[in-house]
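User: I have a structure open and would like to learn how to read it. Please take me through its features one by one.

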Amino acid sequence: MAKTVQLKPVELNTSKGLVVFEGPVTDSYIDRLSMNEGLTNFRPPDRQKEALKQITNLPDGMIFIARHENEIIGYVTFHHPDDFSRWSKHPRVQEMGGIEVSPAWRGYGVAENLMKLAFSHPAVEDFIVITTEYCWHWDTRNTGLDIWAYQKMLTRLFGKVGLQKVTTDDPDILEHPANVFMARIGKNVGKEDIMLFEGMRFLRKYGRVVNMA
């Protein structure tokens, strides 16, 4: 992704204070900020901060953040799919790897505004952006939602930026019926890349056709 293009920051006034949405941010910028103590969905905040810094240094890695004063209260990540994933073999697939908002800042429109900023970046139009949502990562405890209500909330949020549910025989997705695979095809993605992606969705059936067996 052409992460050198910096978007103009967007501000949101809330009853808890001003939230600034910005990105793609650099590792040095993240280093100057603190992580909200509620950002524990994937790993402890200090370790997650290091993970975000590492993503910014990947060739196609991008991090967008929601910031209150000098504290990161939310983020969304983009990077090439992991090497063990079937999707890593597609030259035009990028993964929205994770999105998280601190429980203390939920209900203020942070996630929606963060997604809108990230998907306004021109680079997303050059790729098929995917997200693999596994129910074991969902924060059902703090939200009070069951997995089906949480799934509905996520798909509604992601749908606002053009991501759509897509069927696949990916074993990780099929492991639990609540898991969701979603994709958004950028405006500049060609027909051949779209056809390759469609074939890769069902490798058990089309693996030889797309030379992925």
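User: How many helices and strands does the protein chain have?

Analyst: Helices (H or I, at least four residues) and strands (E, at least two) are DSSP runs, numbered from the N terminus. Here the protein chain has 8 helices and 9 strands. Keep in mind that this is a predicted model, where local features need pLDDT of at least 70, side-chain atom pairs count only at pLDDT 80 or more, and totals for chains, interfaces and linings use all residues. Residues are numbered from 1 along each chain as its sequence is written, and side-chain values use heavy atoms, with hydrogens and water left out.

User: What share of the residues counts as buried?

Analyst: Buried means under 20% relative accessible area, exposed over 50%, and partly exposed in between (1.4 Å probe, protein chains only). By that rule, 51% of the 213 residues are buried. The accessible surface (Shrake-Rupley method, 1.4 Å probe) comes to about 10,900 Å², and 49% of that belongs to carbon and sulfur atoms.

User: What do contacts say about residues 24 or more positions apart?

Analyst: A contact means heavy atoms within 4.5 Å. Among contacts with a separation of 6 or more, 66% are between residues 24 or more positions apart.

User: Can you show me single residues? Is Leu154 buried or exposed?

Analyst: Leu154 is buried, at 8% relative accessible area. Leu154 sits in helix 5. Leaving out residues up to four places away in sequence, Leu154 touches Glu133 and Trp138. The C-alpha atoms of Leu154 and Trp138 are separated by 9.6 Å, and the two are 16 residues apart along the chain.

User: And where does Ser88 lie?

Analyst: Ser88 is in the loop between strand 5 (71-79) and strand 6 (93-101). Ser88 is buried too, with a relative accessible area of 15%. Beyond four places in sequence, Ser88 touches His80, Pro81, Asp82 and Asp83.

User: Now charges. How many positive and negative side chains are there?

Analyst: Lys and Arg count as positive, Asp and Glu as negative; His and the chain ends are not counted. The protein chain has 26 positive and 27 negative side chains, with the centres of the two sets 5 Å apart. Each charge is placed at NZ of Lys, CZ of Arg, CG of Asp or CD of Glu.

User: How many salt bridges does the count come to?

Analyst: Side chains of opposite charge can pair when their charged atoms come close. A salt bridge is a side-chain nitrogen of Lys or Arg within 4 Å of a carboxyl oxygen of Asp or Glu. The count here is 9.

User: Which parts of the chain do Asp31 and Lys53 link?

Analyst: Their side chains form a salt bridge at 2.9 Å, N to O. This pair links distant parts: Asp31 in helix 1 (residues 27-31) and Lys53 in helix 2 (residues 45-56), 22 residues apart. Asp31 is partly exposed at 45%, while Lys53 is buried at 15%.

User: What about Glu112 and Lys116?

Analyst: They meet in a salt bridge at 3.3 Å, N to O. Both are in helix 3 (residues 110-118), 4 residues apart, so about one helical turn separates them. Glu112 also meets Lys160 in a salt bridge, at 3.1 Å, N to O. Lys160 lies in the loop between helix 5 (147-159) and strand 8 (164-165), so this pair ties together parts 48 residues apart in sequence.
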